[in-house]
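User: I am new to this structure and would like to go through it in short questions. Please show it first.

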Amino acid sequence: MAKVPVQFTLNGSEKAEFIDSGTTLLHALRDKIGDTSPKGGCHQGTCGACSIIIDGELRLSCLTLAETCNGADVRTTAGLSEGGGLHPLQRAFLDAFATQCGFCTPGMIMAAKVLLDHTPNPSREEVVEALSGNICRCTGYEPIIQAVLTAARSNSQNVA
Amino acid sequence: MALALQTFSTVKDASAALKSAGTLYLGGGTLVVRATNEGDVSISGFIRSTEPSLSAITVSGGKVRIGASVTMAAIARHPDLALLAPAARAVGGPAIRNMATIGGNLFAPAPYGDFAVALLALDAIVSTGDGDLPVEAFLAGRDNSRAIVTSVGFTLPKDGGLRFLKVSRVKPKGISVLSITAVLEQAPDGTVSSSRIALGCMADRPMRARAAENALLGRKLTRDGIAPALAVVGDGTSPPTDPIASAWYRNEVLPVHFGRLLLG
Ligand SMILES: Cc1cc2nc3c(=O)[nH]c(=O)nc-3n(C[C@H](O)[C@H](O)[C@H](O)COP(=O)(O)OP(=O)(O)OC[C@H]3O[C@@H](n4cnc5c(N)ncnc54)[C@H](O)[C@@H]3O)c2cc1C
Ligand code: FES
Ligand code: FES
């Protein structure tokens, strides 16, 4: 099987790899590039654990072919912390007990990040809608929703 | 896994490549990449085109043209397509909507295809590399179609002229029990002067409810006025039984939701 080159920016750094044509971005990130923050839960688009941000939009890395991302700006949860400190969303998830086994957490955080990037002060309904493609099987949704609302509040306090 | 993706800058070149056995056009990939992830070995390669017209939306003089690669998210946020936003927002969660294309939705089997239901009620024209077809004929022949859909065109109804409803069990987003789109025109006295009703999940693909359309003509949208249409809205349906709902359930609740859509 011929290898094809892929090249994109991952969390601000250039990545270039040779992959099998038809490889999903999830597979390329986890098994070739070594960023295991996106999780493979279902590989069917249903659970949202593999959610990442491509060119500012939330996408599912399990249903995205890596070759279609040439030249793209790819962001994962692994790139969120700055200078060793946790991102406000990560901090809020920890403080609000919004992460139990943690498998859904990177996808939830990516979905929440896109929301807060566009809507810094979301309503509860907007948070619920933004997370509607992400499944959590253990924490329960309420602490997750509260964590996103808390992160939004702490962001706006920092800006103020 | 022997899968190859070939990308072409023109639809013409992509169409030629699509003639090879085992190849499939790649839209947003939400159905086909899922199929290959699940081990569908009938697919040996994906073909796609990046021709810019496939990603364009034009609205002029009430006429709309949406390129086949336009996503549900792009439709939902387009200022001139507010009428269609509820149907576009009904497809999956946010990440799916950023990927799912209008072209792919035309091929989505029940219980999917919510947006195609709206296109059927709009009496859209589907343009392909092989020519133009009314959406109803396109949907009927889609299983044997090898042509690339390039765009979908339709006339925008007046404000309030399109009503869309999707019923699902999981809130806020879930797969359809059924969906209904009604495109209605009313005379100044409130009687229905023209009606197109399309149903989703009431057959293996979106279908028109012609008996209900005829029964609405000349009637007002009141409980008594719509009663004859409710009585026949299930004519000719053959809904699937799937993990979301049984065929029996879908038939039972269709008139209830149709009534709510008309009176709401
Ligand atoms: C978790 C999840 C939830 C979903 N929820 C919904 C929902 O609520 N409502 C709904 O309607 N759908 C839903 N879907 C199904 C799907 O996402 C949509 O129907 C979507 O619009 C399909 O488009 P796509 O571009 O991803 O198609 P693809 O997967 O790329 O393609 C689907 C089919 O269409 C063909 N095709 C695509 N574009 C073209 C073209 N331009 N010319 C010729 N052939 C083409 C492909 O060859 C393939 O056969 C869901 C899917 C998932 C995974
Ligand atoms: S692994 Fe991608 S949505 Fe579940
Ligand atoms: S924390 Fe375990 S699935 Fe959400």
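User: In which loop does A:D55 lie?

Analyst: This is a predicted model, and A:D55 is a residue of its chain A. A:D55 is not a glycine, although its phi is positive at about 45 degrees. Its place is the loop between β3 and β4 (57–60) of chain A.

User: What is the phi of A:H43, a residue other than glycine?

Analyst: A:H43 sits in chain A, in the loop between α1 (25–33) and β3 (51–54). The residue is not a glycine, yet its phi is positive, near 55 degrees.

User: Is A:H43 buried, exposed or partly exposed?

Analyst: Buried means under 20% relative accessible area and exposed means over 50%, with partly exposed in between. The relative accessible area of A:H43 is 35%. That value falls in the middle class, so A:H43 is partly exposed.

User: In what order do the elements of chain A run from the N terminus on?

Analyst: Chain A contains five helices and five strands. Read from the N terminus on, these elements follow the order β-β-α-β-β-β-α-α-α-α.

User: What is the radius of gyration of chain A, and what does the globule rule give for 160 residues?

Analyst: Along the principal axes, the C-alpha atoms of chain A fill a box of roughly 50 × 35 × 25 Å. Chain A, with five helices and five strands, is as compact as a globular protein of its length, because its radius of gyration is close to the value from the globule rule. The two values are 16 Å for chain A and 15 Å from the rule.

User: What percentage of the residues of chain A count as buried?

Analyst: The accessible surface of chain A comes to about 7200 Å², and carbon and sulfur atoms account for 51% of that surface. Among contacts in chain A between residues at least 6 apart in sequence, 55% join residues at least 24 apart. Of its 160 residues, the buried share is 48%.

User: How much of the accessible area of ligand 1 does the protein cover?

Analyst: A backbone N or O atom of B:V32 lies 2.9 Å from an oxygen atom of ligand 1, and a backbone N or O atom of B:A90 lies 3.4 Å from an oxygen atom of the ligand. B:N105 contributes a polar side-chain atom, 3.0 Å from an oxygen atom of ligand 1. On its own the ligand has 980 Å² of accessible area, and the protein covers 93%.

User: Which backbone oxygen does the side chain of B:S49 reach?

Analyst: B:S49 is placed in strand β3 (residues 45–49) of chain B. With a relative accessible area of 7%, B:S49 is buried. Not counting residues up to four places away in sequence, B:S49 touches several residues, including B:F8, B:S9, B:Y25 and B:L54. The side chain of B:S49 reaches, at 3.3 Å, the backbone oxygen of B:F8.

User: Which backbone nitrogen lies 3.1 Å from a polar side-chain atom of B:S246?

Analyst: B:S246 is found in the loop between α10 (223–232) and α11 (247–263) of chain B. At 28% relative accessibility, B:S246 counts as partly exposed. Leaving out residues up to four places away in sequence, B:S246 touches B:P240 and B:T241. The backbone nitrogen asked for is that of B:Y249.

Definitions and conventions. Residues numbered from 1 in each chain as written. Chains lettered and ligands numbered in written order. Predicted model: local features only at pLDDT ≥ 70, side-chain atom pairs only at ≥ 80, totals over all residues. Heavy atoms only, no water. Polar contact = N/O pair within 3.5 Å; in protein donor to acceptor, adjacent residues only side chain to side chain. Areas by Shrake-Rupley, 256 points an atom, 1.4 Å probe, with all protein chains shown as cover. Helix = DSSP H or I, 4+ residues; strand = E, 2+ residues; numbered from the N terminus. Rg over C-alpha atoms; globule rule 2.2 N^0.38 Å. Buried < 20%, exposed > 50% of the residue type's maximum accessible area, 1.4 Å probe, protein only. Contact = heavy atoms within 4.5 Å.
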